[in-house]
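Reader: Could we go through this entry together? I would like to begin with the ligand and then turn to the salt bridges.

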Amino acid sequence: MTRFTSSLLVLVSAAVVASAQQEGCAKQVVVASEADLASLAACSTFSGTVTISGPAITAISWPALQSLTGSIQVKSNPHLSTFALEGLKASTGSIRLYNNTVLSAVSFPSLQSLHALEIITAPNLRQLSLSTIDSLGSLTLEDTGLDNSGQLPWSTLQKATDLGVSNNKYLKTIEMGHLQSVSGKFVIAANGLSDSKYSAASSISSSTPSADSTTSPGGTILSLTNLTTASNCTFRHLTDLQLPVLSTVSASLSFDETSLTSIVIPHLKSVGQTLSIVSNDKLSNISFSDLTAIGGALLIANNTELTVVDGFRQLKDISGVLNMRGAFSTVSLPAVTTVKGGMSVLSSSNDFDCSTLSKVKASAKGKTVCQAKVKSARPTNADGGSLENKGSLNVIAKGTMWSAVVTMSFLAFAL
Ligand SMILES: *[C@@H]1O[C@H](CO)[C@@H](O)[C@H](O)[C@H]1NC(C)=O
Ligand SMILES: *[C@@H]1O[C@H](CO)[C@@H](O)[C@H](O)[C@H]1NC(C)=O
Ligand SMILES: *[C@@H]1O[C@H](CO)[C@@H](O)[C@H](O)[C@H]1NC(C)=O
Ligand SMILES: *[C@@H]1O[C@H](CO)[C@@H](O)[C@H](O)[C@H]1NC(C)=O
Ligand SMILES: *[C@@H]1O[C@H](CO)[C@@H](O)[C@H](O)[C@H]1NC(C)=O
């Protein structure tokens, strides 16, 4: 235990005149020990690139640092447990933490803005203190041990370019009450999938098997009560959803593999590209009551409990394909006047009547297919091969197969 005490990395402001140091505050440095870091300790502004990596490092603190215009990368430190930048304020630089397996606390208590913050593979991270953050270029949190016991970075966040929160298996709630806009990629996926209580690093060796593979559906609550504009959203594995003021999605919006029973977005007026609702096995109600235009495709598929689709009362224009597959008996699209990419509607229900969509069909350009009582309203491609084998689709991950159907209109019509 005391073995590492001597290597504790505290960058106390050395009794060196800061100005004499500033030239050293723009360099590229690789830090593997306390001695390596000492040369940076006095920097109040850092514009260089520092990579901190080494088995001897157990804690990092850099109290003098107030402004970061360069980047700090902290990676593969098997014994690093805490990382604190107590004095860091509004900054345009980047901080990336990768593969720090025992890291348990990260604290930037004065930080208001940053270009990028990435924390990837920090399975023991529980404390992330960013209590003053309001804007971020990008925030990525993947494969961390964050749960909902402490304050999370987004409690004060108002704006972000890209936001990615995924594979945080104990994270059951994502509430971003101040967030107003996300202008780039926004991905929430595979959070809260574990039901087991957080187990501390010290109990990992315990002989009790983990309860990770229980049958109860995992996922996360997503509550974005102030979000008005977003661009490209991928939301997966949600258990609850609040988007009460969302009004514009400039690119795509997708809900996949959630356990939501309803998707209600009352003020969304337009989606710039595709709107996709796929493989949500408890979903029975979709309501987009203000939505008038979809700039790409509308894809609704493999939602096994969805029998009535009547939540698009104002929808007029679909610029891509209208692609629906499932067991629905009723589809009502009363205001649709244009479907530019064709129409493919297949229902396995005996009660579905295609003539209820005759107006929509008449307004569709290109190929139109509507069929009831199909044996299986599931995707196949014309060659009978798997979608993944189709050239450009080789990077499509499990679960996104249906989305692929919509991006390639020829597959939308494969019966
Ligand atoms: C993660 O860190 C450990 C310990 O430093 C190292 O052995 C391993 O190669 C690293 N893995 C990656 C993916 O960087
Ligand atoms: C929500 O956003 C508006 C601006 O759109 C802002 O005035 C208001 O303070 C925000 N509310 C919260 C709780 O952040
Ligand atoms: C939207 O995000 C997805 C993945 O999250 C990406 O594949 C796609 O290219 C993005 N689309 C746009 C228009 O940025
Ligand atoms: C349909 O959805 C279920 C979950 O609801 C999923 O397990 C299955 O893989 C999906 N099927 C296809 C073809 O995407
Ligand atoms: C679906 O949700 C909307 C909005 O909450 C609601 O008005 C409507 O009654 C619901 N429909 C059904 C069938 O539950």
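Author: An oxygen atom of ligand 2 lies 2.5 Å from a polar side-chain atom of N226, a polar contact being a pair of N or O atoms within 3.5 Å. This is a predicted model, in which local features need pLDDT of at least 70, side-chain atom pairs count only at pLDDT 80 or more, and totals for chains, interfaces and linings use all residues. Side-chain values use heavy atoms, without hydrogens and water, residues are numbered from 1 along each chain as its sequence is written, and chains are lettered from A and ligands numbered from 1 in the order in which they are written.

Reader: Which residues surround ligand 2?

Author: G177, H178, Q180 and N226 surround ligand 2, where near means a heavy atom within 4 Å. An N or O atom in the side chain of H178 is 2.6 Å from a ligand oxygen.

Reader: How many salt bridges are there?

Author: There are three salt bridges, each a side-chain nitrogen of Lys or Arg within 4 Å of a carboxyl oxygen of Asp or Glu. One of them joins R126 and D147, with the closest N and O atoms 2.7 Å apart.

Reader: Is D147 buried or exposed?

Author: D147 is buried, at 9% relative accessible area; buried means under 20%, exposed over 50%, and partly exposed in between (1.4 Å probe, protein chains only). R126 is partly exposed, at 31%.

Reader: And what is the N to O distance for E118 and R96?

Author: The salt bridge between E118 and R96 has an N to O distance of 3.5 Å.

Methods. Polar contact = N/O pair within 3.5 Å; in protein donor to acceptor, adjacent residues only side chain to side chain.
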